[in-house]
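Subject: Structure for your review

Dear colleague,

Please find the structure below, together with its sequence.

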Amino acid sequence: MIVPPGLPPQVGAAFLTRQGGVSVGPWHGLNLSASTGDDPEAVRANRTRACAGLGIDPERVSMVRQVHGDGVVVADAPVRPGLFTGDLSGWPEGDALLSRGLDVPLLVLAADCVPVLLWRADGSAVAAVHAGWRGIIGGVLEAAVAAIDGPARAAVGPAVGVCHYRVDEALRGRFARDFGPETVVGEALDLALAVKICLERAGIKRSDTHVVGRCTACEPEGFFSHRRDGAPGGRHGAVIWRRSTP
Ligand SMILES: [Zn+2]
């Protein structure tokens, strides 16, 4: 797992890798997604292991059904207690979660899209965001920063890098226009940089955003990558929470 630097003592956060899980086949490792075809029992086992490793209660983990939109789900209390390792499906739709409550772990899934963790500088609120190219254009980061509602810091997790993210000319043009020409490198997009620019526009200084800078497609043992492996495939997680006991 990758723990972002600079967290307040009362905030826990991690970007998980795919290592340490029980799934096999295209999901091999710590697949946390129950919606990409993996055995539900393996997903439950992986989720239980991940929570044990983090020291969090799986009953209280809150997620969203990610749809590449800009919806922020408020989870001051767990949104569906027990669902994470229980029925697995039935989460509210959204691409970001916000919590001001204690011990409500927020978890987003990705396999190339950019997981972004946000926290208020004083530790009084946290957010987790799933940001692919659609969500970045659609304003999910700005929506999450607005929901945080105060001076914030950010960590940008493992995502498909500019080394592996060639896209068509129309999308390159859109990113160059919306986020600046530096987000387009040759025929590829730099999603992490676009995220950083969005966060800056929303009020988080570039120096307050930490970019992990690891490419999911470059590291088959470390991360799932839809670009590299296609479907079906697994998803790794990113999680953040306010601790009741620092
Ligand atoms: Zn790469």
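Helices (H or I, at least four residues) and strands (E, at least two) are DSSP runs, numbered from the N terminus. Arginine 177, for instance, lies in helix H4. This is a predicted model, in which local features need pLDDT of at least 70 and side-chain atom pairs count only at pLDDT 80 or more, while totals for chains, interfaces and linings use all residues. Residues are numbered from 1 along each chain as its sequence is written, and side-chain values use heavy atoms, with hydrogens and water left out.

The six-stranded sheet

An open sheet is formed by six strands in the order E2-E3-E6-E5-E7-E10, with mixed pairing; two strands pair if DSSP finds at least two bridges between them. At its edges are strand E2 (72–74) and strand E10 (209–211), each of which pairs on one side only. Direction ignored, neighbouring strands of this sheet are turned by 15° against each other on average. Angles run from 0 to 180 degrees between N-to-C directions, and axes are lines fitted to C-alpha atoms, for helices over the stretch in contact.

E2 pairs with strand E3 (residues 96–99) in the parallel sense over three bridges. Within this pairing, valine 73 stands opposite leucine 97 in E3, and valine 74 stands opposite leucine 98 in E3. E3 is also joined to E6, by four bridges, and these two strands run antiparallel. Leucine 97 has alanine 128 as its bridge partner in E6.

In a regular strand the side chains alternate between the two faces of the sheet. From E3, Ala96 and Leu98 point one way and Leu97 and Ser99 the other way, and all are buried. Here buried means under 20% relative accessible area, exposed means over 50%, and partly exposed lies in between (1.4 Å probe, protein chains only).

Helix H3 (residues 140–148) packs on it and touches E2, E3, strand E5 (114–120), strand E6 (126–131) and strand E7 (152–156); contact means heavy atoms within 4.5 Å. The direction of H3 makes about 175° with that of E6. H5 lies across E5, E7 and E10, and runs at about 30° to E5.

The helix pair H4 and H5

Two packed helices are described by the angle between their axes and the distance between the axes. For helix H4 (residues 169–179) and helix H5 (residues 191–202), the axes come within 11 Å and cross at roughly 30°. That makes H4 roughly parallel to H5, since angles under 35 degrees count as roughly parallel, over 145 as roughly antiparallel, 65 to 115 as roughly perpendicular and the rest as oblique. The crossing of the two helices H4 and H5 is left-handed, meaning that the near helix is turned anticlockwise from the far one by less than a right angle, whereas clockwise would be right-handed.

On the H4 side, Phe175, Asp178 and Phe179 meet Leu191, Ala194, Ile197, Cys198 and Arg201 in H5. These contact residues divide into six nonpolar, no polar and two charged. In that count, Ala, Val, Leu, Ile, Met, Phe, Trp, Tyr, Cys and Pro are nonpolar, Asp, Glu, Lys and Arg are charged, and the others, Gly among them, are polar.

Arginine 177 in H4 is exposed, with a relative accessible area of 64%. Arginine 177 and leucine 97 are 80 residues apart in sequence and 28 Å apart in space, C-alpha to C-alpha.

The three-stranded sheet

Three strands form an open sheet with antiparallel pairing, in the order E1-E11-E4. Strand E1 (11–15) and strand E4 (106–110) are its edge strands, and each pairs on one side only. The twist averages 10° from one strand to the next. E1 and strand E11 (residues 236–242) run antiparallel and are joined by five bridges; isoleucine 240 in E11 is the bridge partner of alanine 13.

Backbone points to inspect

- The peptide bond from alanine 231 to proline 232 is cis, with omega near 0°. Proline 232 lies in the loop between helix H6 (226–229) and E11.
- Aspartate 103, in the loop between E3 and E4, has a positive phi of about 55° although it is not a glycine. Its relative accessibility is 27%, so aspartate 103 counts as partly exposed.
- Aspartate 112, in the loop between E4 and E5, has a phi near 125°, a positive value in a residue other than glycine. Its relative accessibility is 8%, so aspartate 112 counts as buried.

Yours sincerely
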